[in-house]
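I begin with one residue and then follow its partners.

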Amino acid sequence: MNPEHLELLASDGWKDALRELILPFAFDDVPIAALGQDVLEIGPGPGLTTDLLAPQLTQLTALELDPALTRELAARYASDPAVTVVEGDGSRMPFEGGRFSGVVSFTMLHHIPDASTQDRLFTEVARVLSPDGLFIASDSVASDDLAALHHGDIYNPIDPDELPERLAAAGLESIVVRSNPFGWAARAHRAS
């Protein structure tokens with residue numbers, strides 16, 4: 001991630017956008033408590049979503065690919081037994097199947113370099129979810145402005161119109177995808 005992008009994702013303005021716009025849009029009419037007792041967050045980056053979600057959850061595991069961001073987030077939550085930070089790849093998760101009651105991912109999926117790796121992540125989500133576990137995700141829709149922000153970064157936005165088929169192929173069901181001019185939100189359950 002380029003330094004300007006990383007600085008934005010660690011800013012108070014971005015935290016406000018997450019709290020006031022992105023998370024309410026992603027959850028829509030679903031209470032955060034619907035995620036259950038043991039929740040996985042994929043790709044927390046600097047951890048602003050972790051900061052917003054952790055106080056509302058019993059147990060949160062944050063899985064982050066970037067070693068430096070993992071270390072920083074782990075240090076910040078070292079004294080909180082309700083938050084565990086793990087370095088790892090969402091397309092090859094180091095967790096047993098059926099472990100998590102809920103899985104979330106916010107504004108991260110466009111950083112995955114290709115559709116096949118994104119699809120492996122969705123398959124992993126279905127694998128680690130408990131029966132009838134809930135997956136909630138959101139991300140931006142493609143735009144020239146966002147492409148410019150990602151100079152030197154991976155930028156592979158997901159077309160929300162293709163998402164239901166991709167999530168179903170990964171083993172998820174009861175799929176709901178909503179979009180607006182700025183982003184999309186999806187929720188789904190592990191297929192029975």
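Is Arg-76 buried, partly exposed or exposed? I find Arg-76 partly exposed, with a relative accessible area of 41%, where buried means under 20% relative accessible area, exposed over 50%, and partly exposed in between (1.4 Å probe, protein chains only).

Before going on I note that this is a predicted model, in which local features need pLDDT of at least 70 and side-chain atom pairs count only at pLDDT 80 or more, while totals for chains, interfaces and linings use all residues. Residues are numbered from 1 along each chain as its sequence is written, and side-chain values use heavy atoms, with hydrogens and water left out.

**Salt bridges**

I searched the whole structure and found nine salt bridges, each being a side-chain nitrogen of Lys or Arg within 4 Å of a carboxyl oxygen of Asp or Glu.

Arg-76 forms one of them with Asp-51, and the closest N and O atoms are 3.0 Å apart. Arg-76 lies in helix H4 (residues 67-76) and Asp-51 in helix H3 (residues 48-53), so the pair ties together parts that are 25 residues apart in sequence; helices here are DSSP runs (H or I, at least four residues) and strands likewise (E, at least two), numbered from the N terminus. I also looked up shared partners, and salt bridges join Lys-15, Asp-51 and Arg-76 into one network.

Next I checked Arg-178, whose side chain meets that of Asp-28 in a salt bridge (3.8 Å, N to O). This pair links distant parts of the chain, with Arg-178 in strand E6 (residues 172-179) and Asp-28 in the loop between H2 and strand E1 (38-42), 150 residues apart. Arg-178 is partly exposed at a relative accessible area of 23%, and Asp-28 is partly exposed at 45%.

I then turned to Asp-38 and Arg-99, whose side chains meet in a salt bridge (3.2 Å, N to O). Asp-38 is buried, with a relative accessible area of 18%, whereas Arg-99 is partly exposed at 29%.

**Aromatic pairs**

The structure holds three aromatic pairs, counted when ring centres of Phe, Tyr and Trp (its six-membered ring) lie within 6.5 Å, with planes under 30 degrees apart called stacked, over 60 edge-to-face and the rest tilted.
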